[in-house]
Amino acid sequence: PTGYWRAGGAELAFPIDCTAVHLNTGSTALGYSEVATFRTDTAGKLQRQVLYESADEVYATGDSLYFTSRHWWWGSFKPGSLNATYLHKFDTRAPGAAQYVASGAVDGHLVDQFSIDEWNQHLRVAATVSGGSGTWSEVSVLSERAGRLVQVGKSARLAPGERITSARFLGDVGYVVTFRQTDPLF
């Protein structure tokens, strides 16, 4: 849809440029997410970037904005995993002009936006994975390379049979809280 800016009684239309529309190659829920940026000190142009998928979590730093979305379809993301999370990075350093720069994926699903952290130019993601061999948690580390968020590290399987309920990253330390749900009537 066309974006509008109202200033001083005038209404300016800002349609989306085709180069600002980005498609996810994975199966995600229908919808779109938009990053609209503008300068508040001038009546400048509204700049828009659109990602055709519905964002589940949003995480921001002073330089970057990340959208995440769950794999949404039956079947496997890749052998051994029944779920995945897609990640998309926008560069927000230029005033009034966010730019889509990279995308990637990790196994599993995030519990919330605190499961994501950018530190030393790496993205850290804590996720619960459900696969053919059960449920476990893991932390993946991704780096931006040539328009992709590429996995450069991953923890061993954490807490088999449990799911993440909370995660936080502080500097070079990460905290992951897991929980094992059991049937009380066995």
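Ground rules come before the details. This is a predicted model, where local features need pLDDT of at least 70, side-chain atom pairs count only at pLDDT 80 or more, and totals for chains, interfaces and linings use all residues. Residues are numbered from 1 along each chain as its sequence is written, and side-chain values use heavy atoms, with hydrogens and water left out.

Confidence, then. pLDDT is the predictor's confidence in each residue, from 0 to 100. The protein averages 80. At least 70 is reached by 70% of the residues. A word of caution: where pLDDT is low, the predicted coordinates should not be read in detail.

On to the salt bridges. The rule asks for a side-chain nitrogen of Lys or Arg within 4 Å of a carboxyl oxygen of Asp or Glu. How many pass that rule? The count is six.

Take Glu118 and Lys89. Their closest N and O atoms are 3.8 Å apart. Glu118 lies in strand β10 (residues 116-119) and Lys89 in strand β8, so this pair ties together parts 29 residues apart in sequence. Lys89 counts as buried, at 12% relative accessibility. For the cut-offs: buried is under 20% relative accessible area, exposed is over 50%, and partly exposed is in between, with a 1.4 Å probe and protein chains only. Glu144 joins in too: Lys89, Glu118 and Glu144 are linked in a network of salt bridges.

Next, Lys154 and Glu138. Their side chains meet at 3.8 Å, N to O. Lys154 is in strand β13 (residues 148-154) and Glu138 in strand β12 (residues 134-145), so this bridge ties together parts 16 residues apart in sequence. Lys154 is partly exposed, at 46%. Glu138 is buried, at 5%.

Then Asp91 and Arg93. Here the closest N and O atoms are 2.4 Å apart. Asp91 is buried, at 18%. Arg93 is exposed, at 58%.

Now for Thr85. Thr85 is found in strand β8, residues 84-91. Is Thr85 buried or exposed? It is buried, at 2% relative accessibility. Its side chain reaches the backbone oxygen of Gly108 at 2.6 Å. Contact means heavy atoms within 4.5 Å. Leaving aside neighbours within four places in sequence, the contacts of Thr85 include Thr68, Ser69, Gly104, Val106 and Leu110. Asp107 is 22 residues from Thr85 in sequence, yet their C-alpha atoms are 6.3 Å apart. Asp107 is found in strand β9, residues 99-107. Asp107 is buried as well, at 12%.

Last stop, the rings. Rings of Phe, Tyr and Trp (its six-membered ring) pair if their centres lie within 6.5 Å; planes under 30 degrees apart are stacked, over 60 edge-to-face, and the rest tilted. The structure holds three such pairs. Which residues form a cluster through ring pairs? Phe67, Phe90 and Tyr100.

Two arginines sit over rings. That means CZ of Arg, or NZ of Lys, is within 6 Å of the ring centre and within 35 degrees of the ring normal. The charged end of Arg157 is over Trp136, 3.5 Å from the ring centre. For Arg168 over Phe114, the distance is 4.0 Å.

Note on methods
Helices (H or I, at least four residues) and strands (E, at least two) are DSSP runs, numbered from the N terminus. A polar contact is a pair of N or O atoms within 3.5 Å; within protein, one must be able to donate a hydrogen and the other to accept it, and residues adjacent in sequence count only if both atoms are side-chain atoms.
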